[in-house]
Amino acid sequence: MDEIISSERLLGELRETFKSGKTTSFEWRKTQLQALLRLLEEQENKCFQALFDDVGKSKVEAFKDEVGPAKKAVVHALSCLKEWMTPKKVGMRLLLYPSKAEIVPDPYGLVLIMTSWNYPLDLALEPLIGAIAAGNVIVVKPSELAPATSSFLANTVPLYLDNTAIKVIEGGPEASQQLLQQKWDKIFYTGSPKIGRIVMTEAAKHLTPVTLELGGKCPLIFDYSSISSNLKVALRRLSSAKWGACCGQACISIDYVLVEEKFTSSLIDMLKTLVRRLYGENIETLGSISRIVNKRHFDRVCNYLKDPAVAASIVLGGSYDEKRLLIEPTILLNPPLDSAVMNEEIFGPILPIITVKNIQESIDFINTRPKPLALYAFTHNDAFKKRIVSETSSGSLVFNDVMIQYICEELPFGGVGQSGMGRYHGKYSFDAFSHEKSVLYRGYFPDLSARYPPWNGFKMEFCRLGYKIDYINLLLLLLGLKGHPKDD
Amino acid sequence: MEVTTAFGNEDAAAMVAELRRNFASGKTRSYEWRVTQLKKIVKMVEERESEIVDALRSDLNKPAFESVVYEISMLKSSCKVALKELKQWMKPQKVKTTIVAFPSSAEIVAEPLGVVLVISAWNYPILLSLDPVVGAIAAGNAVVLKPSEIAPATSSLLAKYVKEYLDNSAVRVVEGAVPETSALLEQKWDKIFYTGNGRVARVVMSAAAKYLTPVVLELGGKSPVIVDPDVNLKISVRRIIAGKWGCNNGQACISPDYIVTTKEFAPKLVDTLKRELERFYGSDPLQSNDLSRIVNSNHFDRLERLLDEDKVAGKIVHGGQRDKAQLKIAPTLLRDVPLDSLMMTEEIFGPLLPIITVDKLEDSYEIIMSRAKPLAAYLFTNRKDMKNQFVKTVSAGGLVINDSAIHLTVHGLPFGGVEESGTGSYHGKFSFDAFSHKKAVLYRSFMGDAFVRYPPYTHGKMRLLGALICENILGIFQALMGWSSNSSLKDKTA
């Protein structure tokens with residue numbers, strides 16, 4: 001009860017700040033973004049420590065996937081802010097001359113950002129950058145499953161950012177539930193479809209728009225024969241994306257691989273060698289890999305392997321260390337398609353390889369499943385590329401690489417169908433937290449009498465031609481040289 | 001009441017399944033299919049113009065002029081824009097990529113969402129039904145349209161002619177009221193586009209949440225008009241009248257809902273409004289053929305309730321005549337209606353126009369901003385500073401300075417609300433976007449592979465990566481040459 005009252009008071013304070021108009025100024029936004037950059041630079045060690053504590057991320061991985069992208073996003077936002085804030089001029093039709101139209105980005109007001117535990121720093125900061133750039137007042141609710149990063153954010157953000165406009169609220173499911181009861185002007189949620197539904201249902205009560213960044217089973221189409229001269233690079237990219245990015249606990253991680261039957265054995269052989277070289281020979285010597293976030297997720301992932309039919313399909317790895325919450329990079333060959341591992345998002349270091357007769361069949365395979373957040377295809381076949389672009393649907397589609405779309409701020413990042421709605425990154429982050437307000441300025445002359453009743457045939461004809469943008473006939477009509485229907 | 005076989009859950013499910021199959025066949029994706037369907041919409045409204053005018057007269061007593069200009073011509077105009085621009089809209093949009101991903105090329109591909117649902121409203125039953133359908137078709141979707149049962153003649157006309165003119169394997173009309181709508185909302189859609197009120201919008205959005213379906217909600221609100229004494233009064237007043245009573249007798253989502261002006265100026269404004277109203281609609285407006293009627297007795301009663309509230313009844317300064325039998329209410333002006341009255345707390349959606357007076361014009365902002373964000377806000381002024389302040393202060397779906405309601409004819413402007421007045425936008429390219437998914441596509445080669453991306457991780461890799469990600473050219477050079485920089489990374493070997 002107390003908590004509800006206190007969060008209401010907190011939000012009231014934020015609304016007052018928004019009302020004062022201070023967050024809408026260019027200077028405020030710029031200062032906050034600069035402060036955020038300073039935070040990332042000065043507190044880098046603490047970021048690394050928190051990320052290590054929460055998911056065992058090594059420093060390079062923490063920089064590559066979290067601190068680095070966040071810094072890049074702030075720098076980009078700072079360099080584009082003025083341009084983003086400038087109203088966009090819109091072309092006008094002659095009939096409305098003289099007038100001027102523009103689209104003005106308006107901050108929504110009070111926004112809520114709920115993040116997830118797998119990239120607990122970057123997934124909190126990227127939307128925050130967008131929300132600041134757009135001039136909102138903001139509550140960030142970090143995931144309680146990454147407690148070190150959560151408390152790092154709660155303790156550090158107030159030291160750098162304007163506390164009257166940006167708050168970090170920590171807590172578990174009850175805190176989230178309470179926050180969702182409030183009226184927000186925008187909710188940005190990163191996480192699972194299950195919670196996504198709850199968030200959107202709560203948002204519906206206040207007609208609050210939502211951005212939902214969810215996941216899904218992201219396939220990789222491995223067109224072995226067409227890339228046979230680049231296999232080494234292809235396999236490195238595959239392995240580093242699957243196991244080198246939070247141990248497969250990423251929403252755009254590769255979930256399963258589709259490959260032609262005849263290439264399976266050589267693919268698996270090469271992967272085995274590579275994985276051992278990159279991450280170690282066995283569970284004891286495992287390195288450069290994150291751990292599973294907590295016991296619950298550890299059990300969830302291990303349970304996939306306990307299904308006897310799935311266990312029988314293990315071709316590499318399969319062992320785990322419960323104490324350290326580590327799971328070995330594990331490869332499955334053709335686990336049953338009705339098994340849990342092929343129907344749930346894996347979110348862990350297990351990689352099923354599914355064989356098809358002809359690689360072209362992978363399109364049908366993908367289309368019978370929910371739309372993924374990302375689709376990857378390693379191929380040099382241009383006709384096949386075209387088919388994949390036009391016949392499949394996914395949040396993003398990447399050829400010959402994995403996960404790299406995340407750091408291209410010119411590309412919108414977001415899902416479709418089960419993998420989410422709305423998008424962000426770069427300008428799209430700014431847009432996600434802005435309302436595009438249409439503004440039309442009109443002059444007084446000429447004022448067309450055809451707009452005003454009482455209606456008659458002449459006025460009707462005038463307006464008809466006006467919509468048709470038929471200026472010649474319009475002129476003739478005005479000069480009395482063109483007929484018009486009799487009055488009703 | 002006519003008894004028809006109810007359209008239930010199973011019918012809806014079967015229909016959606018069939019449309020999904022047809023969508024999966026890929027036929028709706030082709031440019032040719034989209035163009036053919038759009039041209040057929042134009043053909044349909046051209047050939048059936050007089051029937052449409054009759055249906056609108058039957059549903060709303062809408063004057064032929066309004067039907068032709070605000071519904072048929074607007075719709076044709078939006079088809080025409082779509083036909084002209086479609087190729088351009090469909091073209092993947094090239095984007096530049098960052099240095100880390102070099103060498104590569106990237107584009108944003110617009111793809112149809114799948115099977116979409118359009119639920120429309122009764123006040124502009126042709127335009128608000130078919131305009132979103134134009135967007136859905138332009139974007140290559142299969143679409144189901146549910147017209148409003150409150151405009152029954154138009155609803156059945158749409159059912160009849162959409163079937164006759166458009167491709168039924170991908171475009172359908174389902175008629176009906178609450179049970180049919182509920183059956184439709186039980187299904188999984190790839191987008192729901194709803195035009196109507198905030199109460200039903202909440203139902204629609206909650207239903208959509210079950211399947212994570214994105215929604216566009218086109219709602220309404222109390223759209224204010226601020227009138228500055230320093231203004232070209234006659235033209236301003238005419239433009240207010242055209243936007244208020246000239247658009248379905250106030251039954252429009254962007255209709256001016258109330259006026260705010262200064263105490264001294266109010267009498268002059270009221271006088272001019274009276275004079276121009278009389279010029280347009282005669283001395284007995286109930287007899288005018290140029291005004292729509294109130295749509296039905298429920299809405300008539302609702303408007304009467306607003307008028308008859310104790311603290312409001314004495315405030316009428318012009319009009320007030322009503323004829324329940326014919327569902328007609330005259331253009332009515334009221335002065336200084338209490339701000340806590342029903343009339344000032346609910347969307348009016350009818351021919352009543354309260355005028356609120358303030359000491360200073362700047363006080364209007366307090367009145368406007370203390371209410372939910374409206375779909376539109378209007379300002380009449382000649383003062384530049386006033387315009388700037390208005391644009392900066394007022395948040396609404398759209399703002400118009402020195403006119404009313406006309407912004408929806410500008411295809412380059414997104415039309416849609418914010419907060420209580422809605423989510424999402426449409427018109428022109430924005431309609432296409434509302435029904436498209438923007439897929440990010442990145443083409444990479446296997447060249448230029450940065451070894452730093454791969455484990456085992458080392459300090460040197462980390463420095464280079466840091467410089468690469470932040471596009472720090474000097475840093476990249478330094479890291480490659482093995483020189484140290486002043487970076488704080490120095491002491492952090494992995």
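Reader: Which residue in E16(B) is the bridge partner of A:Val439?
Author: That's B:Leu399. Keep in mind that this is a predicted model.

Reader: Ok, and which strand of chain A is joined to strand E16 of chain B?
Author: Strand E18 of chain A, residues 434-442, is joined to E16 of chain B, residues 398-401. There are four bridges between these two strands.

Reader: Do they run parallel or antiparallel?
Author: Parallel.

Reader: Zooming out, how many residues of each chain are in contact?
Author: On the chain B side it's 117 residues, and on the chain A side it's 114.

Reader: And how much area do the two chains bury between them?
Author: About 9400 Å², with 63% of that on carbon and sulfur atoms.

Reader: Which residues in chain B lose the most area to chain A?
Author: B:Phe65, B:Leu212 and B:Phe446. Together these three make up 10% of what the chain B side buries.

Reader: Switching to charges: how many salt bridges are there between the chains?
Author: Five. One pairs the side chain of B:Arg444 with that of A:Asp401, at 2.7 Å from N to O.

Reader: What about polar contacts, how many residue pairs across the interface?
Author: 36 residue pairs, counting those where both residues have pLDDT 80 or more.

Reader: Which helix gives the most to chain B's side?
Author: Helix H4 of chain B, residues 64-90, which puts in 10 residues.

Terms used
Residues are numbered from 1 along each chain as its sequence is written. Chains are lettered from A and ligands numbered from 1 in the order in which they are written. This is a predicted model: local features need pLDDT of at least 70, side-chain atom pairs count only at pLDDT 80 or more; totals for chains, interfaces and linings use all residues. Side-chain values use heavy atoms; hydrogens and water are left out. Contact means heavy atoms within 4.5 Å. Buried area is the accessible area (1.4 Å probe) that two parts lose on being put together, summed over both. A salt bridge is a side-chain nitrogen of Lys or Arg within 4 Å of a carboxyl oxygen of Asp or Glu. A polar contact is a pair of N or O atoms within 3.5 Å; within protein, one must be able to donate a hydrogen and the other to accept it, and residues adjacent in sequence count only if both atoms are side-chain atoms. Two strands pair if DSSP finds at least two bridges between them.
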